[in-house]
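Here are my notes for someone opening this model for the first time. Please keep the structure in view while reading the points below.

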Amino acid sequence: MKLCFPVKKNNGLESIVFNHFGSSPLFIVFNTETNETGLINNQDLGHVHGMCNPFKALNGEIVDVIIVGGIGAGAIRKLNSMGIKVYRASEDTIRKNIELFESNSLAELSIDDACTHHGECDH
């Protein structure tokens, strides 16, 4: 399974999970089967508010799960339509959130949980 984490800076599994999907400059992908990580530069960083294209942002990379501090309704809708589930990060680092995900301790986000503003969200 591929878990995807929006981050501002790449510090591997010690990276801090970013607080908004569409504004994140980078994504770290963690493969739970191989324990390998990959890095994706956000290819949709300059999108107009409410027009995030998650497939473009992820540069076409297919992931199973997004774990993030916050995300807009349109992005949740688009990701869910691609079969990708979205969860709210509960801890600061990717490593801690992987542990929480594996113990089924993260909340899945729905459109009702979406950000209503753009930029640096406080969740």
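1. Start with I67, which stands opposite Y87 in strand 5. This is a predicted model. Strand 4 covers residues 65–68 and strand 5 covers residues 85–88. The two run parallel and are joined by 4 bridges. Between them the chain passes through helix 2, residues 73–81. This β-α-β crossover is right-handed.

2. **Strands 2 and 3.** Here the pairing is antiparallel. L26 stands opposite N41 in strand 3. The two strands make a hairpin, with 4 residues between them.

3. Look at the loop between strand 2 and strand 3, where N35 lies. Its phi is near 60 degrees, a positive value in a residue other than glycine. Is N35 buried or exposed? Its relative accessible area is 56%, which is over the 50% cut-off, so N35 counts as exposed.

4. In what order do the strands of the open sheet lie? The order is 3-2-1-4-5, with 5 strands and mixed pairing. Strand 3 and strand 5 are the edge strands, each pairing on one side only. On average, neighbouring strands of this sheet are turned by 25 degrees against each other, direction ignored.

5. **Order along the chain.** The protein has 3 helices and 5 strands. From the N terminus on, they run β-β-β-α-β-α-β-α. Compare this with the sheet, where the order is 3-2-1-4-5.

6. **Helix 3 over the sheet.** Helix 3 is made of residues 94–102. Which strands does helix 3 lie across? They are strand 1 (2–7), strand 2, strand 4 and strand 5. Helix 3 runs at about 145 degrees to strand 1.

7. **Aromatic pairs.** There are 2 aromatic pairs in the structure. One of them is F21 with F27, a tilted pair. Their ring centres are 5.1 Å apart, with 40 degrees between the planes. F21 has a relative accessible area of 0%, so it counts as buried. F27 is buried too, at 0% relative accessibility.

8. **Y87 and F101.** Why is the pair of Y87 and F101 called edge-to-face? The planes of the two rings stand at 80 degrees, and over 60 counts as edge-to-face. The ring centres are 5.3 Å apart. This pair links distant parts of the chain: Y87 is in strand 5, F101 is in helix 3, and 14 residues separate them. With a relative accessible area of 12%, Y87 is buried. F101 has 15% relative accessibility and also counts as buried, because the cut-off is under 20%.

9. **The loop residue E91.** E91 is placed in the loop between strand 5 and helix 3. At 39% relative accessibility, E91 counts as partly exposed. Which residues does E91 contact, leaving aside its neighbours within four places in sequence? They are K96, N97 and L100. E91 and L106 are 15 residues apart in sequence, and their C-alpha atoms are 9.7 Å apart in space.

10. **N104 after helix 3.** Now move to the segment after helix 3, the place of N104. N104 has a phi near 55 degrees, a positive value in a residue other than glycine. Its relative accessible area is 71%, so N104 is exposed.

11. **Totals.** The protein has 123 residues, and 45% of them count as buried. The protein exposes about 6,300 Å². Carbon and sulfur atoms supply 48% of that area. Now take the contacts between residues at least 6 apart in sequence: 50% of them join residues at least 24 apart.

Terms used. Residues numbered from 1 in each chain as written. Predicted model: local features only at pLDDT ≥ 70, side-chain atom pairs only at ≥ 80, totals over all residues. Heavy atoms only, no water. Pairing = 2+ DSSP bridges. Right-handed = clockwise from strand over helix to strand, strands pointing away. Axes fitted to C-alpha atoms, helices over the stretch in contact; angles between N-to-C directions. Contact = heavy atoms within 4.5 Å. Phe/Tyr/Trp six-rings, centres within 6.5 Å; stacked < 30°, edge-to-face > 60°. Buried < 20%, exposed > 50% of the residue type's maximum accessible area, 1.4 Å probe, protein only. Areas by Shrake-Rupley, 256 points an atom, 1.4 Å probe, with all protein chains shown as cover.
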